[in-house]
Amino acid sequence: MLKIASESPVTTEGRLLIEGSEAALREHYPPEACFSFSPDELNDSDSTFLVARELGEPVGCVALVDCGSYGEIKRLYVRPEWRGRGIAEALMDRLEADAGNLGLGVVRLETGSRLAAAVRLYERRGYDLCGRFGCYREHPASLFMEKRLD
């Protein structure tokens, strides 16, 4: 049975999930096109790092960063052998519920067009393209998306 809980991103398992996320990004993009947070950057009071576990085994993760007027989604990742089982959907369900509970009416993310499965997931969930936000600079690999939760 899948369980999702807030955990520390700086544990060995948290770091391994984030390393898997980074490796998946690097299959499609060079380092200068990857705008991801490290475990240490996600280990603060403004971030929630969610881990999905199946029979105790960590199978996926996602992070929510509280940016004040919106939440930013970082590091959605499911280990390859666990994909196609609804784990990303379950992680996003929990993240969006947590964002709503924090009073965040909008969640945003930065992704890339080469991550077609991720973009399809976000579109199915009601995310629309939006303008650049936060500290991101313009980059041809970036797509910016948002969803209103209210």
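Here is a walk through this structure, from its sheet to its helices and cores.

The model is predicted, so to speak of local features a pLDDT of at least 70 is needed, side-chain atom pairs count only at pLDDT 80 or more, and totals for chains, interfaces and linings use all residues. Residues are numbered from 1 along each chain as its sequence is written, and side-chain values use heavy atoms, with hydrogens and water left out.

Let us start with the sheet. Seven strands form an open sheet with mixed pairing, in the order S1-S2-S3-S4-S5-S7-S6. Strands here are DSSP runs of E with at least two residues, helices are runs of H or I with at least four, and both are numbered from the N terminus. Two strands pair if DSSP finds at least two bridges between them. At the edges sit strand S1 (2–6) and strand S6 (128–129), each pairing on one side only.

Now look at strand S3 (residues 57–66). Eight of its 10 residues are buried, so S3 is largely enclosed by the rest of the structure. Buried means under 20% relative accessible area, exposed means over 50%, and partly exposed lies in between, using a 1.4 Å probe and protein chains only. S3 pairs with strand S2 (residues 47–54) in the antiparallel sense over eight bridges; Thr48, for example, has Leu64 in S3 as its bridge partner. Two residues lie between S2 and S3 in this hairpin, and Leu55 in the turn has a positive phi of about 50°. S3 also runs antiparallel to strand S4 (residues 71–78), joined by six bridges. The hairpin of S3 and S4 has four residues between the strands, with Gly68 in the turn at a positive phi of about 95°.

Next comes strand S5, where seven of seven residues are buried. Both faces are covered: Val106, Arg108, Glu110 and Gly112 are buried on one side, and Val107, Leu109 and Thr111 on the other. S5 pairs with S4 in the parallel sense over three bridges. The chain passes from S4 through H3 to S5 in a right-handed β-α-β crossover. Right-handed means that, with the strands pointing away from the viewer, the path from the first strand over the helix to the second runs clockwise. S5 also pairs with S7, in the antiparallel sense over seven bridges, and Val107 has Lys147 in S7 as its bridge partner.

What about helix H4 (residues 116–124)? This helix lies across S4, strand S5 (106–112) and strand S7 (142–148), and runs at about 155° to S5. Such angles run from 0 to 180 degrees between N-to-C directions, with axes fitted as lines to C-alpha atoms, for helices over the stretch in contact. Contact means heavy atoms within 4.5 Å. In H4, Val119, Leu121 and Tyr122 are buried. They cover an arc of only 160° around the axis, which puts them on the same side of H4; the arc is that of the directions from the helix axis to the C-beta atoms. Ala117 and Arg124 are exposed on the face turned away from that buried side.

Finally, consider the cores. A nonpolar core is a set of buried Ala, Val, Leu, Ile, Met, Phe, Trp, Tyr and Cys residues joined through side-chain atoms within 4.5 Å. The largest has 21 residues, of which Ile73, Ile87, Leu91, Tyr122 and Tyr127 touch the most other members. H3 gives the most to this core, with five residues. A second, separate core of nine residues includes Leu17, Phe49, Val51 and Val65.
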